[in-house]
Amino acid sequence: MKEVPFRELLECLGDPYLLVDGEGVVKYANPAAREVLSLGRKQDVPLSAVVDDQGFLQTLFRVLEEGRALRGYPLALKGKNRYLTASFFPVDVGERKGVGILFRDVTRIKVLEEKEKGEWAISLVEEALGMAFHQLKGPLTGLKGAVQLMEEGEGDPLEYVRFIKRELVRLQQLVEKTLDFSRSLNLEMVETNIHKVLEEVLNACKYQAQVQDVRVERLYDPSLPPLEADPFRLYQVFSNLVKNALEAMPQGGVLRVRTALSGERLLPQIETLSVRIEDTGEGVPSKLEGSLFSPFVTSKADGSGLGLSIAYKIVKYHQGHLRYSREGGWTVFEVLLPLRQGHEDLGHRR
């Protein structure tokens with residue numbers, strides 16, 4: 001492949017350019033490519049020795065096979081902190097076919113993006129901490145007022161003690177939820193019967209449902225196999241979703257818990273379990289739908305805004321997905337979980 005089209009133009013080009021033959025050997029590199037890819041004066045170098053990226057090599061041979069251009073492949077040069085995007089173009093040189101690869105250096109853009117992400121993360125943490133302190137302010141103010149009234153000898157001291165106890169429980173719950181949101185989770189992955197977990201949740205909420213005149217419907221698929229999961233953490237997820245559903249129906253309604261195999265697959269070759277918590281309540285205000293699983297977002301006057309964000313985090317740690325929708329007159333929270341997980345998939349296993 002001695003003949004290189006537009007050689008003079010390529011020599012002057014500021015962007016790196018390679019010409020690779022059908023065997024994956026670099027037949028030409030312009031000065032910019034030699035500098036960026038550390039080629040020096042080397043000739044006929046295998047592309048695999050220049051770029052340590054299997055996907056990059058596969059893209060090259062795909063272009064050779066299909067005869068069409070592919071643009072924008074992201075490439076990080078290991079050890080150089082340099083980022084490129086590559087565009088592949090089929091090239092005819094004489095009777096042989098090859099691929100021209102034009103690189104664009106996007107290091108500066110990447111650095112700016114990472115800086116913006118870091119600044120955004122710091123801003124999010126500051127906002128979250130500010131909102132957390134705001135949530136703690138209510139119980140602390142109430143405790144201070146109760147103590148002052150007790151010191152002044154006004155009212156029933158026993159009533160103040162009960163109030164202080166309630167507010168201390170609120171404080172403890174707020175602190176625990178904030179910690180749950182901020183720290184990594186260690187999952188105790190065991191074989192788990194999803195229906196057993198759901199029954200434990202529904203039994204714990206049975207009295208509240210009866211008092212509010214909420215009818216509970218169970219639509220379980222009895223053929224579902226066990227899944228590998230942390231049953232305690234899943235209990236947290238479904239307890240939060242069921243309690244939210246009951247709170248949305250103070251004057252009665254229907255709570256429906258449905259399990260089935262989903263038509264979606266979260267992981268290749270693995271079936272997905274769907275658990276839907278459905279209720280006839282009014283649903284989430286439309287203005288909150290886009291940030292529903294973000295921390296400290298709530299439509300409740302006394303809510304912490306952490307329940308759904310923690311539930312979302314737990315589901316994500318299970319490589320699952322939690323989503324919200326309105327279907328007719330129903331509010332639906334759906335939890336999707338992989339039914340089978342290999343040990344290599346469990347990045348947060350204790």
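**Contacts, a crossing and a pocket**

Me: What makes the link between the side chains of Glu217 and Arg256 a polar contact?
Reply: The two side chains are joined at 3.1 Å. A polar contact is a pair of N or O atoms within 3.5 Å, one able to donate a hydrogen and the other to accept it (residues adjacent in sequence count only through side-chain atoms on both sides), so 3.1 Å qualifies. The model is predicted: local features need pLDDT of at least 70, side-chain atom pairs pLDDT 80 or more, while totals for chains, interfaces and linings use all residues. Numbering starts from 1 along each chain as its sequence is written, and side-chain values use heavy atoms, without hydrogens or water.

Me: Where does Glu217 lie, and which residues does Glu217 touch beyond four places in sequence?
Reply: Glu217 is in strand β8, residues 214-219 (a DSSP run of E, at least two residues; helices are H or I, at least four). Glu217 is in contact (heavy atoms within 4.5 Å) with Val254, Leu255, Arg256 and Val257.

Me: How do α9 and α10 cross, and in which hand?
Reply: The axes of α9 (231-247) and α10 (307-317) come within 9 Å and cross at roughly 145°. The crossing is left-handed. Residues in this contact include Arg233 and Leu241 of α9, and Leu308 and Ile314 of α10. By class, the contact has six nonpolar, four polar and one charged.

Me: Which residues lie nearest the centre of the second largest pocket, and which element gives the most to its lining?
Reply: Ala49, Val50, Val51, Asp52 and Leu77 lie nearest the centre, among 15 lining residues. Strand β4 gives the most, three residues. The lining has 10 nonpolar, one polar and four charged residues.

Technical notes:
Axes fitted to C-alpha atoms, helices over the stretch in contact; angles between N-to-C directions. Left-handed = near helix turned anticlockwise from the far one by under 90°. Nonpolar A, V, L, I, M, F, W, Y, C, P; charged D, E, K, R; others polar. 1 Å grid on protein atoms, 1.4 Å probe; cavity = no way out; pocket = protein on both sides within 12 Å on 5 of 7 lines; lining within 4 Å.
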